[in-house]
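This briefing is for a reader meeting the structure for the first time. It begins with pairs of charged side chains and then turns to the chain as a whole.

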Amino acid sequence: MRRSGAPSQLSGNTAKKPRFMPPGPAKNNGPPLSHPQPEPSAPPPPTPALGNVLLNKSKSTLCHGRLTNFLFCFAIAVLYITADPFFVYFKARYYSVMWCKASSRKHKRWEGDAVLVARGRTVVLKDMEGRDIGRGAGYKASELESLCEGQTLMVGGKQIEVMGVISDEDYAKGRCFQNAAVETPAETVLKAPVYRPVFKSFTKPALKGGALTDSEPEKPICKPKHDPNAPGALVMPRPTTDHQWLYNKSGSPLVDVVIDPHLTNHLRPHQREGVVFLYECLMGMRLPGRCGAILADEMGLGKTLQCVCVLWTLLRQGPYGGRPVLKRALVVCPGSLVKNWAAEFNKWLGRERISVYTVDQDHRVEDFVSSPLCSVMVISYEMLLRSVDQLKELDFGVLICDEGHRLKNSNIKTSGALTALSCERRLILTGTPVQNDLQEFYSIIEFVNPGILGTSAAYRKIYEEPILRSRQPTCTEEERCIGEERASELFRLTGVFTLRRTQEIINQYLSERIEWTVFCKPTELQLRLYGVLLATRPIRACLSGASTHTYTHSPHLACINALKKLCNHPGLLYNTLQEKSDEMYEDGMMELFPEGYSTGAFSTADSGKLLVLTDLLSAIQVVLVSNYTQTLDILQDVCDHIGYKWCRLDGQTPVAQRQRIVDSFNSPHSSSFLMLLSSKAGGVGLNLIGASHLVLYDVDWNPANDIQAMARVWRDGQKKTVHIYRFLTTGSIEEKIYQRQVSKQGLSGTVVDLSKKAEHSSFSAEELRDLFSFDPNTTCLTHDLLDCQCTGDGNTPGFGKEIKEDIGRTCQLGRHSDSTVSFPQRVSMSELMHWRHFSGGVQSYDDIYLNHAHKHITYAFQSTTSKSQTTV
Ligand SMILES: [Zn+2]
């Protein structure tokens with residue numbers, strides 16, 4: 001046995017302090033230096049080797065001339081002094097090894113595979129899940145550098161034998177772990193949809209010598225269900241020979257799978273691609289032996305239609321002898337969407353083609369079997385939990401989880417119940433990007449394609465920890481490289497069965513959208529009360545806090561809510577104050593309200609925004625959105641008072657009634673002039689294209705809520721120009737929340753993350769000072785902040801100055817989210833410089849409805865979105 005006499009742990013500490021060596025030529029495309037070669041036994045030159053190898057960052061520019069050489073050496077010297085642990089700065093080498101407990105027996109009993117990381121004079125032994133299982137030090141660096149197959153080494157109490165060298169790339173990407181990890185097909189990019197021009201209709205396979213070849217069509221055995229040669233036909237890709245070996249053991253003839261032309265006619269190009277993608281995933285054609293998929297298209301791109309297409313196809317057709325791939329399909333979705341799913345099936349396919357079974361009080365799971373005409377069951381997550389035992393009896397060929405980001409916490413009961421259904425084809429639908437949190441990401445991936453990322457422990461060691469470490473500001477160059485490589489490897493592995501497109505791709509099909517931000521003049525009463533509120537004890541207490549303190553609990557939330565209520569209508573504040581238990585209540589406050597002020601008799605004239613609203617509402621059908629039920633109550637009273645017919649959808653609306661309300665509102669004969677909508681009600685699928693005007697009466701911390709509300713009206717199928725009006729009380733907390741929104745993401749932004757809690761709960765003292773200040777004299781605080789030099793005549797101001805963008809979104813993969821979250825003051829609102837600015841003194845707003853409300857508006861911004869671009 002050669003070289004088995006590696007130093008023991010006891011004598012192995014001689015190399016703890018590395019000698020300072022001038023940098024020599026690096027092993028890999030390092031800088032050419034004129035220094036003498038280091039002694040063979042010296043530690044290798046400390047270069048951030050991975051950075052060199054992986055990023056091809058040439059360091060040669062650093063090393064021209066003596067001065068730079070000196071600086072380079074100096075920098076390395078500094079690294080030596082400050083580094084901890086020191087070995088990080090040596091070039092690491094990686095070996096695949098076998099290990100066993102040290103023994104003198106001749107025949108070793110190998111315990112398992114492992115990865116040996118050798119660096120300088122030290123080694124770390126990692127098991128195949130990335131865990132450290134041994135360390136050693138004091139070896140000869142030159143020896144460690146050139147280990148080759150068959151050599152042995154003692155590491156801790158373990159003996160290892162080298163099996164081979166692992167490349168830097170394989171280590172960085174983490175591929176050396178989990179040997180069994182999936183081989184992904186070479187072609188991982190989404191294939192373009194297949195439009196097969198001419199193809200033989202009839203095929204007969206001949207299973208010879210492992211290859212399945214098409215023979216001449218002597219006898220028609222199977223015909224495609226639809227004509228693959230028809231213009232615009234969408235033909236699914238044919239399975240590979242490997243796939244045929246796996247799934248066509250009986251050698252049935254190959255038949256083209258063609259999407260029902262009835263459906264194809266409705267598909268946008270991105271939906272055709274999506275259908276092919278889903279088909280390939282569910283058929284196990286993208287990843288051998290795996291049939292899971294994630295469709296994470298943004299809201300409004302037609303995820304449901306794509307699913308309907310692929311389900312209908314698989315229920316009726318199949319590539320092998322034309323046999324349908326599925327008998328039954330199960331769709332699980334939030335309760336509010338159950339009826340919606342059934343309606344979508346009926347809309348695209350018609351009741352005569354498919355009958356969808358929706359589980360509710362009257363339709364139990366057990367009765368599904370006795371409804372032989374039904375092949376699709378739709379059930380809510382809540383019902384699923386209650387009837388999981390009955391569901392297990394049924395054999396579903398595919399499981400679709402709508403709003404599937406609910407499964408992100410793998411511990412919750414729902415995931416358990418779904419996993420118990422033992423259905424291999426699993427499809428998650430979500431409008432939320434799934435990679436925001438690496439643990440949630442794992443849960444979702446694990447659900448659709450179990451085991452693909454290894455065990456939870458291995459995933460943490462191999463992906464999560466290195467990626468998170470690489471995002472720490474204190475990480476080393478090597479850690480950063482490895483983290484980035486692991487992240488991109490993770491994306492590569494999961495990208496094969498994940499598809500996400502953003503709304504931009506359909507903007508070209510959408511009607512024009514004209515968006516207004518309307519700054520509404522606060523009334524005298526609002527101004528007075530605002531001043532009093534800012535001087536109350538709770539707000540003063542918030543402001544007097546130490547500047548480093550971060551508030552996570554009330555009273556600041558109570559203060560913010562009081563101010564927001566006041567902005568919506570003083571009456572809302574009156575109601576809370578009347579109870580006197582409210583934290584904001586102080587003696588003398590009630591006297592500010594006019595004499596005889598009472599619940600139920602609120603005047604329109606008390607709220608600036610309400611004044612604008614009542615003027616704005618003329619003969620148009622409007623959706624009116626608020627975050628507050630109480631505000632909706634007031635708006636409802638106002639409508640009654642004026643005599644407008646309204647309908648209403650909020651959290652209290654029974655699920656069973658929603659679809660009826662929506663249908664009657666969208667009907668061209670609708671008598672409802674106005675839809676009162678709670679921003680949190682209704683789920684994603686709510687479609688209100690009957691209206692083309694939408695008013696956002698108040699502003700939410702989370703821009704996703706506003707975007708979701710807009711998407712109810714501005715969506716595929718809307719033919720009219722859409723007008724959005726966002727109301728803000730001038731100078732108030734609402735403007736500040738709006739600014740924060742704009743900074744967080746562009747207003748036309750595409751990242752919708754509804755999973756994040758809307759209510760922001762943590763603020764720095766500086767943020768609170770800004771929130772709790774008020775300028776009664778400004779006509780538009782936001783315009784003041786923009787530093788815009790325009791005259792407010794509605795002409796495009798253009799770029800006054802380029803302002804640095806601040807990305808506040810947190811995404812754990814990728815480097816762009818490192819920015820510390822600070823309250824944006826003058827930054828990141830550059831997008832608003834593309835909008836038209838109208839001061840209150842302008843003659844006309846180019847909007848007949850706004851012109852009505854002219855005298856209550858202090859300022860307005862406007863932008864137009866049309867045909868996939870923002871113009872002004
Ligand atoms: Zn301006």
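In this predicted model, the count of salt bridges comes to 33. Side chains of opposite charge can pair when their charged atoms come close.

**Individual salt bridges**

- Arginine 353 and aspartate 260 meet through their side chains in a salt bridge, with 2.7 Å from N to O. Because arginine 353 lies in the loop between α9 (338-349) and β11 (355-358), while aspartate 260 lies in the loop between α5 (241-247) and α6 (261-264), the pair ties together parts that are 93 residues apart in sequence.
- Within this pair, aspartate 260 counts as buried at 6% relative accessibility, whereas arginine 353 counts as partly exposed at 28%.
- A salt bridge also joins the side chains of arginine 648 and aspartate 633, at 2.9 Å from N to O. This pair links strand β19 (residues 646-649), which holds arginine 648, to helix α21 (residues 629-642), which holds aspartate 633, the two residues being 15 apart.
- Arginine 648 is buried, with a relative accessible area of 14%, whereas aspartate 633 is partly exposed, with 36%.
- Arginine 364 and aspartate 367 form a salt bridge whose closest N and O atoms are 3.7 Å apart; arginine 364 is partly exposed at 45%, and aspartate 367 is partly exposed at 27%.

**A network**

- Salt bridges link Asp170, Arg175, Glu489 and Arg492 in a network.

**The chain as a whole**

- The protein chain has 27 helices and 26 strands, and buried residues make up 54% of its 872 residues.
- Of the contacts between residues at least 6 apart in sequence, 74% join residues at least 24 apart.
- The accessible surface of the chain is about 38,300 Å², and carbon and sulfur atoms account for 52% of that surface.

Conventions
Residues numbered from 1 in each chain as written. Predicted model: local features only at pLDDT ≥ 70, side-chain atom pairs only at ≥ 80, totals over all residues. Heavy atoms only, no water. Helix = DSSP H or I, 4+ residues; strand = E, 2+ residues; numbered from the N terminus. Buried < 20%, exposed > 50% of the residue type's maximum accessible area, 1.4 Å probe, protein only. Contact = heavy atoms within 4.5 Å. Areas by Shrake-Rupley, 256 points an atom, 1.4 Å probe, with all protein chains shown as cover. Salt bridge = Lys/Arg side-chain N within 4 Å of Asp/Glu carboxyl O.
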